[in-house]
Amino acid sequence: MKQKFDIIQSTCVPLPLENVDTDQIIPARFLKATTRDEKFFGDNLFRDWRYDKEGNLKPDFVLNNPKYKGEILVAGKNFGSGSSREHAAWAIAGYGFRVVISSFFADIHKNNELNNFVLPVVVSEQFLAELFASIESNPEMQVKVDVPNQTVTNLATGKSEQFEINGYKKYCLMNALDDIDFLLENQDKIEQWEKNHD
C-alpha cells in the first residue's frame, strides 16, 4: 500500500531466525494465485509457520502471540534469501509491516521490499542483538525509524544507528511514489528533454 514514509515509531515483532528465505516468507504454492490482494498474501505470510496442516493457528509462533504487534518486523541475519519472488514482499506489506530490520538482506528481496513500500533497514549485528534483547525484556518497547535522517533508534536504550537507502528510493518512499508515479511526476521534464535532443 502506498503510504508516505517520514518517521515511523512502533512496537516490534521479533523473528530471531537467520537465513529466512522467501519460501518460508510465502510458500511456493501461493505463487499461482491470480490476485494481487494484499490481504490474501498478508494472511499467508509465514503460512507454514503460522498454521498447522488443518489450518489452525500455531500458538507458539510469534505472529500468533498477542503480546507482539506493530509495523516493524525485526528479523535475523540474511533475511529474504532464496527465490527472487516478489510475492514475499507483497506478503510482508499485506500483513501490515512497513519496516523490516535485519543485519543483512538478500539484494533482490531488499529491492522488492522497497518497490512495495516496505523499508528494509540494515543495522549492525550488535544493534540487532540489542533490539531482540529489548523486545524480549519488554514487548511494549518501541523503535523509531526516521527516514529523512536515516536513523533507527531503540527507544528502550536510546541507542541509534544510521542506515543506508538509495536516494531515489528514499524520495519515492517519502512521497508515496512507485516507479510509474515518479515518471508521471516528471513527464514534463522528460518531454522537454526529448524535444531538446531530437
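**Salt bridges**

I looked up Asp43 and found a relative accessible area of 33%, so Asp43 is partly exposed, a term for values between buried (under 20%) and exposed (over 50%), with a 1.4 Å probe and protein chains only. The model is predicted, so local features need pLDDT of at least 70 and side-chain atom pairs pLDDT 80 or more, while totals for chains, interfaces and linings use all residues. Residues are numbered from 1 along each chain as its sequence is written, and side-chain values use heavy atoms, without hydrogens and water.

I then noted that Asp43 forms a salt bridge with Lys39, with the closest N and O atoms 2.7 Å apart; the term stands for a side-chain nitrogen of Lys or Arg within 4 Å of a carboxyl oxygen of Asp or Glu. Both residues lie in helix H2 (residues 38-43), four residues apart, about one turn of the helix; helices here are DSSP runs (H or I, at least four residues) and strands are runs of E (at least two), numbered from the N terminus. Lys39 is exposed, at 54%.

I found six salt bridges in the search of the whole structure. In one of them Asp23 and Arg85 meet at 3.1 Å, N to O. Asp23 lies in helix H1 (residues 22-25) and Arg85 in the loop between S3 and H4, so the pair ties together parts that are 62 residues apart in sequence. Arg85 is buried at 12%, whereas Asp23 is partly exposed at 37%.
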